[in-house]
Amino acid sequence: MDLTLLDSFLIFIFVSFAGFVDSIAGGGGLITIPTYMALGVPSHLILGTNKLVSTSGSTVAVFRYIKSGVVDFKVIGYGIVLGLIGSSIGANLASYLDKENMTYILIAVVPIIFILNNFKDRILKHDDFSLTNKQLIIRCSLIGFIIGGYDGFFGPGTGTFLIVAMVLFLNYGLHQASASARMINYTSNISAFIIFLSKGLIAWEVATIAIFASMCGNFLGSSFVVKGNVKVIKTVFNFVLLGLLAKSILDLFS
C-alpha cells in the first residue's frame, strides 16, 4: 500500500503514543489496531503488523526492566513458557478474524479496559496474602497460558489483563506487576509474530515507520515504570479509548 506524508505522520504519532501507554499500563493495541484499520491496512495484515511493531517496541522496555531487577524470573519464567504456547495456539486461530470481527471485539474489549484503567485502585484493593513458590508458579503458568492465548488471537489489552491478574492472583504490587506483565507479553508477542511472519501477513510499508515510533514510545514509558511513577496519561488514554469506541460503533453502521 502507498502511504502519503500525512499517513506516515499519523502512524508515527499514534503508534509512539501507543508504545508509551503500553509500556506503562498495557492497552497499546487498542490504539494501533484502529489506527491501521483507519488507514486502510488490509484486514489480514493488521494483526501481523501489530505484533511485529509491538514486539520491536517492547524490546526497549524489556531490557530496561531486566536491568532494573524488578522481575522474578524463577516464577515469571513459567508464565513466559506457557504464554508462548498459548500465543502460538491463538495466532493459528487468528486467521478466522476479518475487519468486522475485529470491530466487534474492540467494542467488547474497550469498555473493559476503560473500567480497569479508571477503577484499578478499587479493583486491586485487597488484603495481602502469602503464597508458596509452587502456588505462584501454578498461578503464573495459568495466567500466561490463558492471556497469552488471547494475545496471539487478538491482542489489545493483554498488558492490562496481565497486570490485573498478577496483582489479584500473585499478590504483586503494581510496580512489579507492570514489569512482569511486560516480560510475558513480550514473549507471547514474539511467538505470534513468528507465525504471522511465516504466513507473510505483515504490511512492511506501515511497519517500517511504526517500529521506530513504538521504540520511542516504549523508551519514554518504561522510564516512568522504572522510576515507580505510573500516574501518567490517564486522562488522555481515556479520551483515546472513548474516541476509538465511538469510531468502532460508527464503523458498524457505515
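This is a predicted model: local features need pLDDT of at least 70, side-chain atom pairs count only at pLDDT 80 or more; totals for chains, interfaces and linings use all residues.
Helix α3 covers residues 43-68, 26 residues in number. At 1.5 Å a residue, a helix of this length should span 38 Å. G69 follows the helix. The phi angle of G69 is positive, near 75°.

The chain as a whole is helical in its assigned elements: ten helices and zero strands. Read along the sequence, the pattern is α-α-α-α-α-α-α-α-α-α. The chain has 254 residues, and 54% of them count as buried. Contacts were also examined by their separation along the sequence. Among contacts in the chain with a separation of 6 or more, 84% join residues 24 or more positions apart.

V206 belongs to α9, which runs over residues 204-226. The relative accessibility of V206 is 1%; buried means under 20%, so V206 counts as buried. Leaving aside residues up to four places away in sequence, V206 touches M1, L3, I11, Y36, V41 and T49. A further position, N50, lies 156 residues from V206 along the chain. The C-alpha atoms of V206 and N50 are separated by 9.7 Å.

Rolling a probe the size of a water molecule over the atoms shows where empty space is left. The structure holds three cavities of 30 Å³ or more. The largest cavity contains about 210 Å³ of space. Its lining is made up of 23 residues. Nearest the centre of this cavity lie D22, G28, G29, N50 and S54. Several helices give two or more residues to the lining: α1 (5-25), α2 (29-38), α3, α7 (158-170), α8 (174-198) and α9. The largest share, five residues, comes from α3. By class, the lining of the largest cavity has 16 polar, four nonpolar and three charged residues.

How values were computed. Residues are numbered from 1 along each chain as its sequence is written. Side-chain values use heavy atoms; hydrogens and water are left out. Helices (H or I, at least four residues) and strands (E, at least two) are DSSP runs, numbered from the N terminus. The expected span of a helix is 1.5 Å times one less than its number of residues. Buried means under 20% relative accessible area, exposed over 50%, partly exposed in between (1.4 Å probe, protein chains only). Contact means heavy atoms within 4.5 Å. On a 1 Å grid over the protein atoms alone, a cavity is a set of points where a 1.4 Å probe fits but cannot get out, and a pocket is an open set with protein on both sides within 12 Å along at least five of seven lines; lining residues have an atom within 4 Å of a point. Grid points are joined across faces, edges and corners, and a volume is the space filled by probe spheres set on the points. Ala, Val, Leu, Ile, Met, Phe, Trp, Tyr, Cys and Pro count as nonpolar, Asp, Glu, Lys and Arg as charged, and the others, Gly among them, as polar.
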